[in-house]
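This report covers helix packing, ligand contacts and backbone angles. Take a look at the model before reading on.

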Amino acid sequence: MPKLRDVTPTRWSPRGEAIADIPGERQPLLVWQGIVGEAGDVELGYVGKHQAFGHWVHSRGADPHRVHPPCPRYTKCGGCAWMHLDDGGQEAGRRWLVRQALDEQGLADVELGQWTPSPDGLAGFRHVVKVGFDISPKGTLRMGAWGRRTREVVPIPKCDVAAPVLQKVMASLAHHAIGMRFRPYDPHTDQGTLRAAVLRASRSTGQVIVTLVAGRRTRALQELAEILGQQCPEIAGIWLHLNADEGNAIFGRDEEGEIRTMPLAGRDTIEETLGEVTYQVGPGDFFQTNPGTAEALYARVMELLAPGPDDALVDLYCGVGGMALQAAARGAFVTGVEEIAGAVERARAAAHQNKLSARFTVGRVADVVPQLAENLAASAPLVTVNPARRGLEEGVVDHILALRPRRIAYVSCNAKALARDLVLFRERGFRIGAIDLFDMFPNTPHVETLTVLEPADAPTSTRRPPRRKVVRR
Ligand SMILES: C[S@@+](CC[C@H](N)C(=O)[O-])C[C@H]1O[C@@H](n2cnc3c(N)ncnc32)[C@H](O)[C@@H]1O
């Protein structure tokens with residue numbers, strides 16, 4: 001193929017490249033920094049058996065949403081694939097991807113609903129940062145993001161999408177880890193120490209919790225934690241997670257599915273407030289990356305389900321209590337289900353701290369929901385589901401149905417898995433509401449969605465929810 005090609009991409013890839021078909025060529029061309037519908041020249045890169053890769057060079061009649069990516073590491077890092085689009089262009093791209101996922105599953109009649117932008121805009125919104133360590137060509141330790149389509153670490157000394165407090169802590173961590181001459185851990189040779197770090201900041205308090213991921217525990221890690229704690233008073237706690245596994249996962253899980261961490265310095269949780277609820281988040285816990293958008297998302301779920309004191313609500317895949325505690329704050333009789341025991345501990349502690357009444361059960365949704373159904377089906381509960389990227393496990397849709405839900409709010413970060421699950425609900429007679437979109441991950445093709453499902457023969461609550469102990473505020 002010639003190096004420069006004149007193309008007009010027709011569709012988006014899930015990773016954010018614009019895809020073009022080239023007459024006479026078998027492979028689709030994935031264009032980095034391309035825009036669907038915009039004609040221009042693309043420089044051809046690697047041509048594989050199934051896909052070719054290219055880089056946008058210039059446009060003929062630039063798309064009105066094209067902007068100059070503000071980050072100097074935009075192409076090398078690749079973490080913000082849509083930084084060449086303004087917020088309107090990003091919204092349009094995400095609507096395109098969700099529409100496509102629905103259409104592929106025969107759900108062309110399901111409408112897309114409202115769009116909620118990131119309240120913090122396109123910079124400083126990210127309250128979780130994951131960084132890796134490797135060796136630079138000069139032989140020194142390097143800390144940064146994993147590069148676009150590589151495992152090479154790209155230093156990101158000024159990552160504008162991260163909350164300012166995380167930028168500060170990242171800079172301090174890189175400075176001291178390099179200064180103390182740490183070596184990156186290599187699981188193949190079992191040499192070195194530091195592997196990765198996960199930093200989480202609270203939007204409401206500015207507190208930070210750091211989890212260092214290492215192949216082994218050393219005295220130097222303890223010293224690093226102490227120096228970081230002294231340099232950055234925002235750090236509430238520093239924890240260590242040991243992971244010597246081969247493979248790319250940052251965290252390893254034990255046989256109970258838990259991410260084990262051990263203290264190096266400070267506290268084991270930070271607090272985050274969304275709406276009226278203060279959550280507790282520990283190292284390794286799932287909590288939404290963009291708390292501003294999470295607050296808007298939870299508020300919309302509450303608006304659509306309108307839980308009140310006469311309602312039972314079951315929050316499946318509840319993490320540290322995200323939607324469960326919002327519903328409890330509105331007086332509903334709440335049961336949360338989550339497989340990670342530590343997250344449930346934090347959810348219970350937060351319920352106590354907020355003087356809310358809510359029950360939490362540790363276990364897999366597929367195992368726990370059938371038992372819950374025996375007690376709750378008669379109250380026709382409201383249900384919230386927010387599974388991990390893979391969507392609902394096999395059989396879970398039928399378990400949810402056994403609850404005889406009056407209404408289900410399905411929150412998803414993966415439109416393809418959502419669409420697959422929606423087909424199952426529709427086959428069982430559920431009406432699918434419009435899909436609302438939330439900008440949880442600005443500058444990327446990822447999007448959080450919310451839809452409400454109702455059984456065609458919506459059951460009405462025949463009985464008040466089971467009696468519970470009321471904790472007065
Ligand atoms: C996307 S997070 C949602 C958390 C929560 N709803 C929130 O808004 O913060 C998914 C959660 O489901 C949990 N999880 C994953 N698979 C599960 C399963 N089979 N049963 C119960 N919980 C599960 C994960 O540990 C994680 O906390």
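Helices (H or I, at least four residues) and strands (E, at least two) are DSSP runs, numbered from the N terminus. K355 lies in the loop between helix α7 (341-353) and strand β19 (358-362). This is a predicted model, in which local features need pLDDT of at least 70, side-chain atom pairs count only at pLDDT 80 or more, and totals for chains, interfaces and linings use all residues. Residues are numbered from 1 along each chain as its sequence is written, and side-chain values use heavy atoms, with hydrogens and water left out.

**Backbone angles**

Most residues other than glycine have a negative phi. K355 is not a glycine, yet its phi is positive, about 55 degrees. A306 also has a positive phi, near 45 degrees, and is a residue other than glycine. A306 sits in the loop between α5 and β17 (312-316).

**Helix packing**

Two packed helices are described by the angle between their axes and the distance between the axes. Axes are lines fitted to C-alpha atoms, for helices over the stretch in contact, and angles run from 0 to 180 degrees between N-to-C directions.

The axes of α3 (residues 164-179) and α4 (residues 219-231) come within 10 Å and cross at roughly 140 degrees. That makes α3 oblique to α4. Angles under 35 degrees count as roughly parallel, over 145 as roughly antiparallel, 65 to 115 as roughly perpendicular and the rest as oblique. Contact means heavy atoms within 4.5 Å. On α3, K168, S172, L173, H176 and A177 make the contact; on α4, L224, I227, L228 and Q231 do.

The axes of α5 (residues 291-305) and α6 (residues 322-329) also come within 10 Å, and cross at roughly 50 degrees. α5 and α6 are therefore oblique to each other. Y298, V301 and M302 of α5 meet G322, M323, Q326 and A327 of α6.

**Around the ligand**

Which residues are closest to the ligand? They are Y298, Y317, E338, V365 and E393, among 16 residues that surround the ligand. A residue counts as near if one of its heavy atoms lies within 4 Å. The table gives polar contacts, pairs of N or O atoms within 3.5 Å.

| Residue atom | Ligand atom | Distance |
|---|---|---|
| E338, side-chain N or O | oxygen | 2.7 Å |
| E339, backbone N or O | nitrogen | 3.1 Å |
| E393, polar side-chain atom | nitrogen | 2.4 Å |

Methods:
A polar contact is a pair of N or O atoms within 3.5 Å; within protein, one must be able to donate a hydrogen and the other to accept it, and residues adjacent in sequence count only if both atoms are side-chain atoms.
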